[in-house]
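Please have the sequence and the model in view while reading.

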Amino acid sequence: MNENTQKLNLKREIGLVSAVSLIAGTMIGSGIFMSPQWVLYHIGSPGGSLVIWAACGLLAMLGSLSYAELGTVIKESGGEYIYILRTSGPLPAFLLAFTSMLVVRPASIAGIALSFAEYAVAPFYQGCPPPELVVKFVAAACILLLAIANCLNVRGSMSIQVFFMAAKLISLVVIIIGGVVMLINGHTSSFQNAFQGTIVGINPIGMAFYQGLWSYDGWNNLNYVTEELKRPEVNLPRAVMIAIPLVTVLYLLVNISYLAVMTPTELMSSSAVAVTWGNKVLGGWSWLMSVAAALSSFGSLNGTFFSGGRLCYVAAREGHMPDILSMAHVQRLTPSPALIFSTAISLLVLIPGNFKSIVNFFSFTAWFFYAITLSGLLYLKLKKRHLPESYEVPVVIPIIVIIAAVFLVLAPIIDDPGIEYLYVSLFILSGVMFYIPFIHFKLCPNFLTKATVFLQLFLEVAPTEKNTD
C-alpha cells in the first residue's frame, strides 16, 4: 500500500428512519412480553405497575436527551465508553469496556436470545414448558444467524431492523385493540382499587424499575453508532424524540390490555404473558402471539448485536482491546472481528444464564456507568461552555437521571444486601489487573502480535480510522 492509500472507515448509512428503528426496534423486544409479570410481582398492584412503566419511560427519555447532547459534542461512536474516555480518563473507560464486553452486553444478548427461543418453541410444547436444552440451542442458532447478517452488510442489518420494527408495531397494535375491546365489554376488574396491595419499599421499587427498564433498554443504542449516522447533530436528537415517547405510550397501552384480559394473579403466574393473552382473546389463533413475540425479540436482538459490536470496535481502536478487534472487512466495511468476538462471549454466557438473573445483573452494572457518563456531561456543561453545541438540554435533566441512577444502583443493596452485588463490584474492579500491565505499560505478548497478523489475513480485515466527514 502506498502513502496515498487511505485507511478504511465505516460509512454513514443510517438515516432517520433507520435511526428510529434502531432505538425503538431494540427497545421493543422481549421485555414487554416477559417483564410485566415481574414488575407487577415486585410492586404488588396494577396501578403501581402502570406508574412504574410510565416512570421508566420518562427516565429513558431524560437519559436519551442527555445522551443526545453528548453525541452532538463528542461526535464519535462507542456510547458510554467514548464519553467516559473523553471526560473521565482511560481507566474508568477501560473498566466500562471490560465489564460491558465480557458480561453486560453478552448477558443482554443472551437474555434476549433466550426470550426469542422460549416464544419460538412455545407452539411446539403446548401445555408444558419446553426443554431447557432446546431453548438454549434455538437461542444459540439465533445469535449465530444475526452474527452472520451483521458481518455481511451494514445496510442489510438495518433493513432487518426496519422490517422487524414494522412487524412488532403491528403485533402491539393487535394487543392494544384486543384490550380496548375487552374494556368496552366491561372487563375492568383489575382497575378497581388499582393501587390496593402496592408494596412500598426501596428494594421492591428498585427491583420493579430493573424489570421495567429492561424493556426500555436500547434508548442509548444510537450513540454507539454516531459515526455511521447521517447528520448526527440533527438526526440523533430527532430520532430520540420520536422513538421513546412512541415506545412509552405503546408499553402503557399494552400493559392496560394485559390487565384487561387477565387478573393480576393470572398475569403474575404466566410464564409467557403474550401467549396467555392470546389464549384468552384469540383462541385458536393464539399461536400468533408466540410468533409475534419471537419476531419482536429477534428484531431487538439484531439492534443490540449491532450496537454492541461497535463498543468492542471503538475500544480496540482506542488501544483498550487487541488491535484485531478495531479492524473492518476490506470489502464489506463491517467490524467483523468485533462482532465475532461479541458472538463468542454471548454464546458462553448463554450456557449458564437464566432470564431473571441476567436482567438484574445487567441493570445494576449499566446504571452504575450511566451515572458516570452523565457526570461527564455535567462537567462539559459547567467547565467547557466554549464547546460548539447544536443541541443542549437543561442542566437539571442529567442531574435527575444521575440521582435515579444512584438510586437504582444502591436500592437493591441497601434494602436487601446480597453477596452477588459484592461479586459484581469485585468483577468491575478486577479490570484494573488487566489495565495496569497491558494498557498503562503497554505490554504486548509476542503471540498476540502473531495472532493479529494471522487473523487479519484470515478474516480479510484492515485497520480503520475515525469517520470525521
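## Basis of the report

A salt bridge is counted here when a side-chain nitrogen of Lys or Arg lies within 4 Å of a carboxyl oxygen of Asp or Glu. With that criterion, a search of the whole structure finds 9 salt bridges.

The model is predicted, so local features need pLDDT of at least 70 and side-chain atom pairs count only at pLDDT 80 or more, while totals for chains, interfaces and linings use all residues. Residues are numbered from 1 along each chain as its sequence is written, and side-chain values use heavy atoms, with hydrogens and water left out.

## Salt bridges of R86

Side chains of opposite charge can pair when their charged atoms come close. One of the bridges joins the side chains of E76 and R86, with 2.9 Å from N to O. Because E76 lies in the loop between α4 (46–73) and α5 (80–88) and R86 in helix α5, this pair ties together parts that are 10 residues apart in sequence. Helices (H or I, at least four residues) and strands (E, at least two) are DSSP runs, numbered from the N terminus.

R86 also forms a salt bridge with E318, where the closest N and O atoms are 3.1 Å apart. This second pair links distant parts of the chain, since R86 is in helix α5 and E318 is in the loop between α13 (287–317) and β1 (328–329), 232 residues apart.

As for exposure, buried means under 20% relative accessible area, exposed over 50%, and partly exposed in between (1.4 Å probe, protein chains only). E76 is buried at 13%, whereas R86 is partly exposed at 34% and E318 is partly exposed at 23%.

## A buried pair and a network

E228 and R310 form another salt bridge, their closest N and O atoms being 2.9 Å apart. The pair links distant parts of the chain, with E228 in the loop between α9 (202–216) and α10 (232–261) and R310 in helix α13, 82 residues apart. E228 is buried, with a relative accessible area of 1%, and R310 is buried, with a relative accessible area of 1%.

## A nonpolar patch

Which residues make the nonpolar surface patch of about 470 Å²? The patch is made by I202, V406, F407, L410, I413 and I414, and helix α16 (residues 396–415) gives the most to it, with 5 residues. I413 is found in helix α16 and is partly exposed, with a relative accessible area of 30%.

Patches consist of residues with over 30% relative accessible area and no salt bridge, with like charges joined within 9 Å and nonpolar side chains (Val, Leu, Ile, Met, Phe, Trp, Tyr) within 5 Å. Accessible areas come from the Shrake-Rupley method with a 1.4 Å probe, and for residues only the protein chains shown count as cover.
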